[in-house]
Structures are given as structure tokens and as C-alpha cells.
Amino acid sequence: MSHTPYVPAEYLNKLWRAVIEFNMIEEGDRILIGLSGGKDSMFLTAALAEIQRHSPRHFDLEAYTLDGMFAPDFPKKELEMFCRRYGLKHWSEQVNVEEVWNHRGNTPCFSCAYFRRAAMNRKARELGCNKVALAHHNDDAVETLMLNLFQSGQNRTFLPVTYLTRTGLTVIRPLLFYRESEIIAYGKAIGLQPLKNPCPYDGHTERQDMKELAVELDKKIPHFYDHMASALRHSDEEELWPARPTQKEMLARFRAFWKKQPH
């Protein structure tokens with residue numbers, strides 16, 4: 001192409017808001033984008049490349065893809081060409097997820113996610129990057145909150161910015177304010193052509209079940225999604241129980257309670 005593809009300014013408002021509110025990008029950052037080839041990571045790549053041209057803070061971008069070897073025709077050339085359009089270098093590596101997983105559990109999703117994160121962090125350090133950008137959006141955050149609440153009783157989701165003490169890297173999620181439907185619409189408008197997900201478990205995961213449940217509850221409960229999205233933030237309206245005391249702390253409280261008081 002003779003010119004760098006353009007992402008309209010109105011598509012970038014929520015990205016700028018996330019970057020500024022959570023101080024995601026600082027002067028001199030080297031950021032490695034996790035590019036799967038799906039709609040979310042492609043839009044993230046295009047959007048970050050666009051704001052790179054206008055940001056008052058200089059930062060560098062590169063992209064990385066892990067081939068899980070689910071299919072023989074990994075689209076290496078297509079991903080390289082996509083990145084080249086935006087002036088970015090693309091890196092890729094292979095990990096045989098099925099082999100590593102070796103049927104230790106219901107699906108290889110946990111193993112796949114673990115090795116993707118580990119491989120990407122290793123590549124980021126190798127390239128001298130200090131930050132990793134992931135394409136999680138607002139729907140992902142709500143679904144993660146629901147998964148944790150329903151399956152492990154934890155009131156938590158992933159954070160906009162996470163510092164990894166073991167690697168010294170910082171993970172940023174610039175798409176956190178976008179709904180998935182917005183990303184789909186904007187991607188189509190700027191001509192993105194997402195690649196088919198080769199994972200045989202795509203659409204058959206616990207996260208997919210939670211996504212479908214959220215859609216159904218949003219139909220039945222007024223403002224369900226908006227309220228769940230609001231619950232992602234700390235609030236003065238929170239009324240949660242104190243953290244569970246340790247066994248040692250509870251034993252001390254029992255002893256203090258049953259201790260005879262002087263008359």
C-alpha cells in the first residue's frame with residue numbers, strides 16, 4: 001500500500017481514555033502486541049499504530065503471535081503483511097499445545113493460555129520490550145468477573161495495568177472500555193479481515209458458556225450488563241464482608257472470646 005491505513009479519531013476515543021486514565025504508555029516504552037489474528041487483536045494493533053503517530057509520548061511497537069499448531073496452515077505471511085501495513089515488525093513462534101497439554105484436564109485452554117503468556121513474555125524481554133499489550137475488551141472483563149464469582153467465589157477480574165514482578169514486564173489492556181460489538185463494527189469499517197481461529201475448542205469453552213449466559217441475563221434483567229460493568233471498579237457503595245481470617249487468627253479470637261473475664 002502507498003499509505004499507512006487510517007483509523008478514524010472517533011474510533012480511538014475509548015483507547016485514549018484508557019491510556020490516559022491508567023497511564024498505560026510512558027515516554028520511551030517498547031510495547032509488544034499480542035496478535036492472534038482475531039478481530040480484537042487486529043483492531044488493537046491498528047489502533048495503537050494510529051495513536052503512535054499522534055501521541056506526545058514516543059513509544060515503539062512490535063507484534064507477536066504464538067502458533068499453537070492446531071492447524072498446518074499457520075497464516076504467517078498474512079500476519080506479516082498485516083503488520084507491515086502499519087509499519088510494524090511481526091514475530092512468531094510455534095508451541096504444540098496439544099502435545100504439551102497431553103490430555104491433563106477437560107480442555108487444553110489453561111495450558112494454551114499459560115504457554116502463550118510465557119512465550120510472549122520471553123519474547124518481549126528478548127526484544128527489549130518493557131510492556132505487553134493484550135486485546136481484552138469490556139465484555140471479556142465482565143465475563144471474567146462472572147467466571148470468578150460463579151466458579152471460585154472470587155470477586156475479581158483482570159486489571160487495566162498489571163506489573164509482573166517475576167519478569168519486570170507490565171501488561172496493559174488498552175481496549176478495556178470497548179464493547180465487543182464496537183470492535184466488530186469498527187474493524188469492518190476500516191477493512192480489517194480477521195483470520196479464522198484454528199483452535200478446535202473455539203466456541204466450546206467455559207468462557208463461551210459465560211458469554212452466552214451474560215447475553216441471556218441481559219435480556220431478562222434490566223441494565224444487567226451495565227451493572228456488571230460498574231462492578232468492575234472499586235466504589236464507595238461496596239459492602240463486602242472482611243477477608244476470611246487465617247486459622248491462626250481465628251484460634252486467637254476463640255481463645256480471647258472464651259477467656260474468663262475478671263469479676
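**Terms and their grounds**

Mentor: In this predicted model, 24 residues line the second largest pocket, and those nearest its centre are Ala 229, Ala 231, Leu 232, Arg 233 and His 234. Two or more lining residues come from each of α1 (13-21), α6 (138-152) and α9 (224-230).

Trainee: What makes a residue count as part of the lining of a pocket?

Mentor: A lining residue has an atom within 4 Å of a point of the pocket; 24 residues therefore meet that criterion in the second largest pocket. The space in this pocket is about 710 Å³.

Trainee: How do the residues of this lining divide into nonpolar, polar and charged?

Mentor: Twelve are nonpolar, six polar and six charged.

Trainee: Why are β1 and β4 called paired strands?

Mentor: Pairing requires at least two bridges. Three bridges join β1 (residues 29-34) to β4 (residues 131-133), so the two strands pair, and they run parallel. Ile 31, for instance, has Lys 131 in β4 as its bridge partner.

Trainee: What makes β3 and β5 edge strands?

Mentor: The open sheet has six strands in the order β3-β2-β1-β4-β6-β5, with mixed pairing. β3 (89-94) and β5 (161-164) each pair on one side only. On average, neighbouring strands are turned by 25 degrees against each other, direction ignored.

Trainee: Which strands does helix α2 touch?

Mentor: Helix α2 (residues 39-52) packs on the sheet and touches β1, β2 (59-67) and β4. Contact means heavy atoms within 4.5 Å, so α2 meets that cut-off with each of these strands. The direction of α2 makes about 165 degrees with that of β2.

Methods:
Residues are numbered from 1 along each chain as its sequence is written. This is a predicted model: local features need pLDDT of at least 70, side-chain atom pairs count only at pLDDT 80 or more; totals for chains, interfaces and linings use all residues. Side-chain values use heavy atoms; hydrogens and water are left out. On a 1 Å grid over the protein atoms alone, a cavity is a set of points where a 1.4 Å probe fits but cannot get out, and a pocket is an open set with protein on both sides within 12 Å along at least five of seven lines; lining residues have an atom within 4 Å of a point. Grid points are joined across faces, edges and corners, and a volume is the space filled by probe spheres set on the points. Helices (H or I, at least four residues) and strands (E, at least two) are DSSP runs, numbered from the N terminus. Ala, Val, Leu, Ile, Met, Phe, Trp, Tyr, Cys and Pro count as nonpolar, Asp, Glu, Lys and Arg as charged, and the others, Gly among them, as polar. Axes are lines fitted to C-alpha atoms, for helices over the stretch in contact, and angles run from 0 to 180 degrees between N-to-C directions.
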